[in-house]
Each structure stands twice: as C-alpha cells, then as structure tokens.
Amino acid sequence: MSIIDSVATSYLESLNRHLALFETMGAYHQESMQLLEVCHSALQAGGKVVWLGNGGSAADAQHLAAEFVVRYKLERGPLASMALTTDTSILTAHSNDYHFDTVFERQVQALCKPEDLVIGLTTSGTSANINLALAAANKIGAFTVALTGRDGGEVKNIAKLPIIIKNDETARIQEAHMFIGHWLCEAIDMVVAEQQ
C-alpha cells in the first residue's frame with residue numbers, strides 16, 4: 001500500500017471513529033443541561049465562568065471564554081468569562097518560582113469567588129494542575145465542572161459535575177468537549193438573549 005493510500009485510509013478511519021463517538025453523545029444530554037443550569041445561575045448571581053486546561057484543552061478553554069465575552073450566534077451583551085491559560089507572565093512566573101502543578105490553583109485562589117463556575121478540561125482526569133485548581137474552587141464555594149474522558153481519572157471525585165466522555169482517544173474526547181462547549185455557548189446565548 002502506498003503512502004497516499006495509507007493517508008486516504010487514515011482519513012476515513014478517523015472519520016469513522018469520530019462518527020462512532022458522536023453516536024453516543026445523546027448519553028451526555030442530561031449532564032449538559034445541568035451544565036447549562038449552573039452556568040446560567042453563576043452568571044445571574046454576578047459570577048463568571050472560568051475555564052482551564054492544558055495543551056489543546058488550553059486552546060479550547062480560551063476559545064470558549066472568547067465566545068462568552070464576545071458572542072456565539074445571537075446578539076447579546078458580554079458575559080463574564082475568562083481562561084486561566086492566557087496570561088504568560090503569571091504562567092511563567094508561577095511555574096518558575098513554584099511548580100506547574102499549582103499554576104491554576106494559585107489563579108483560582110486569587111481570582112475566583114463563590115458565585116463563579118470553574119470548568120476544567122482534562123482528557124485524562126489526572127492532570128494535577130487541573131485537579132488542584134478545582135479542589136481550590138470547591139474550597140472557595142464555586143461550582144466546579146470537569147470535562148474529561150476515559151474513566152474520569154481523579155477529577156471525577158473532585159468536580160461537583162464530572163462529564164466523562166467514555167472514550168480512550170484524546171482527539172475524540174476533545175471533539176466531544178468542544179461539541180458540549182459550543183452547545184453551551186448556543187444555549188446560553190438563547191437564554192440570555194431572551195432575557196434582554
């Protein structure tokens with residue numbers, strides 16, 4: 001088989017794995033509705049939605065925070081949201097002076113309040129910096145959500161609402177997280193636009 005044939009086969013195999021995962025996404029409907037409810041409650045209470053993740057999940061956190069602050073589809077006012085993955089001075093200073101495991105925990109301690117919603121994205125559920133940050137948010141009294149995968153790892157016992165994508169492939173888990181994230185943006189747009 002030539003490299004061209006292998007690449008063409010790889011494309012279709014990847015698509016089939018994506019489609020197989022998305023056939024299961026109905027199983028996360030109730031948890032996603034609960035996520036919408038706690039997100040709306042946080043915003044109504046004057047809180048903000050705080051996102052955090054590593055690597056590709058860091059980019060997803062930034063993406064979703066931007067959708068809240070700017071807009072998704074409908075015209076509405078800005079919604080309070082931020083990603084803890086964007087301030088390079090904080091990220092590098094903390095990692096240099098302390099430890100990368102606590103880089104998000106420190107920011108949660110500095111920036112979060114009980115009215116907030118803190119959402120950690122971790123495909124494995126074992127990222128120490130995500131888990132420590134969610135535990136710190138729990139201590140503050142904020143509501144915590146984990147978008148995770150595989151068997152949920154340690155984070156399933158930390159987040160108040162763990163949404164565990166039952167898949168072992170990182171890319172597929174991240175695609176599911178972004179589907180839920182984009183749906184949340186669409187749903188919150190609808191709820192907020194209705195009230196304005």
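The legends below describe close-up views of a predicted model.

**View 1. Helix H2 crossing helix H7.**
Helix H2 covers residues 29-44 and helix H7 covers residues 170-195; their axes come within 10 Å and cross at roughly 50°. This angle makes H2 oblique to H7. The crossing of the two helices, H2 and H7, is right-handed. On the H2 side the contact is made by Ser32, Met33, Leu35, Leu36, Cys39, His40, Leu43 and Gln44. On the H7 side the contact is made by Ile180, Trp183, Leu184, Ala187, Ile188, Val191 and Gln195. Sorted by type, the residues of this contact between H2 and H7 are 11 nonpolar, four polar and no charged.

**View 2. Ser32 in helix H2.**
Ser32 is placed in helix H2 and is one of the residues by which H2 makes its contact with H7. Its relative accessible area is 8%, so Ser32 is buried. With residues up to four places away in sequence not counted, Ser32 touches Ile180 and Trp183. Both Ile180 and Trp183 are listed on the H7 side of the contact.

**View 3. His40 in helix H2.**
His40 is also found in helix H2. Its relative accessible area is 15%; because buried means under 20%, His40 counts as buried. Leaving aside neighbours within four places in sequence, His40 is in contact with Ile188, Val191 and Gln195. Ile188, Val191 and Gln195 are among the H7 residues that make the contact with H2.

**View 4. Helix H1 crossing helix H7.**
The axes of H1 and H7 come within 10 Å, and the crossing angle is roughly 50°. H1 and H7 are therefore oblique to each other. This crossing of H1 and H7 is right-handed. H1 contributes Ser14, Arg17, His18, Leu21 and Phe22 to the contact, and H7 contributes Arg172, Glu175, Ala176 and Phe179. The residues of the contact of H1 with H7 divide into four nonpolar, two polar and three charged.

**View 5. Leu19 and Arg172.**
Leu19 is placed in helix H1. At 43% relative accessibility, Leu19 is partly exposed. In sequence Leu19 and Arg172 are 153 residues apart, whereas in space their C-alpha atoms are 9.6 Å apart. Arg172 is one of the H7 residues in the contact with H1.

**View 6. The aromatic pair Phe22 and Phe179.**
The count of aromatic pairs comes to two. In the pair formed by Phe22 and Phe179, the ring centres are 5.5 Å apart and the planes stand at 85°, so the pair is edge-to-face. Phe22 is in helix H1 (residues 3-22) and Phe179 in helix H7, and the pair links distant parts of the chain, 157 residues apart. Phe22 is partly exposed, its relative accessible area being 25%. Phe179, at 42% relative accessibility, is likewise partly exposed.

**View 7. The aromatic pair Trp51 and Phe68.**
Trp51 and Phe68 form an edge-to-face pair, with 5.9 Å from centre to centre and 70° between the planes. Trp51 lies in strand S1 (residues 49-53) and Phe68 in helix H3 (residues 56-69), so the pair ties together parts that are 17 residues apart in sequence. Trp51 and Phe68 are both buried.

Definitions and conventions
Residues are numbered from 1 along each chain as its sequence is written. This is a predicted model: local features need pLDDT of at least 70, side-chain atom pairs count only at pLDDT 80 or more; totals for chains, interfaces and linings use all residues. Side-chain values use heavy atoms; hydrogens and water are left out. Axes are lines fitted to C-alpha atoms, for helices over the stretch in contact, and angles run from 0 to 180 degrees between N-to-C directions. Helices (H or I, at least four residues) and strands (E, at least two) are DSSP runs, numbered from the N terminus. Angles under 35 degrees count as roughly parallel, over 145 as roughly antiparallel, 65 to 115 as roughly perpendicular and the rest as oblique. A crossing is left-handed if the near helix is turned anticlockwise from the far one by less than a right angle, and right-handed if clockwise. Contact means heavy atoms within 4.5 Å. Ala, Val, Leu, Ile, Met, Phe, Trp, Tyr, Cys and Pro count as nonpolar, Asp, Glu, Lys and Arg as charged, and the others, Gly among them, as polar. Rings of Phe, Tyr and Trp (its six-membered ring) pair if their centres lie within 6.5 Å; planes under 30 degrees apart count as stacked, over 60 as edge-to-face and the rest as tilted. Buried means under 20% relative accessible area, exposed over 50%, partly exposed in between (1.4 Å probe, protein chains only).
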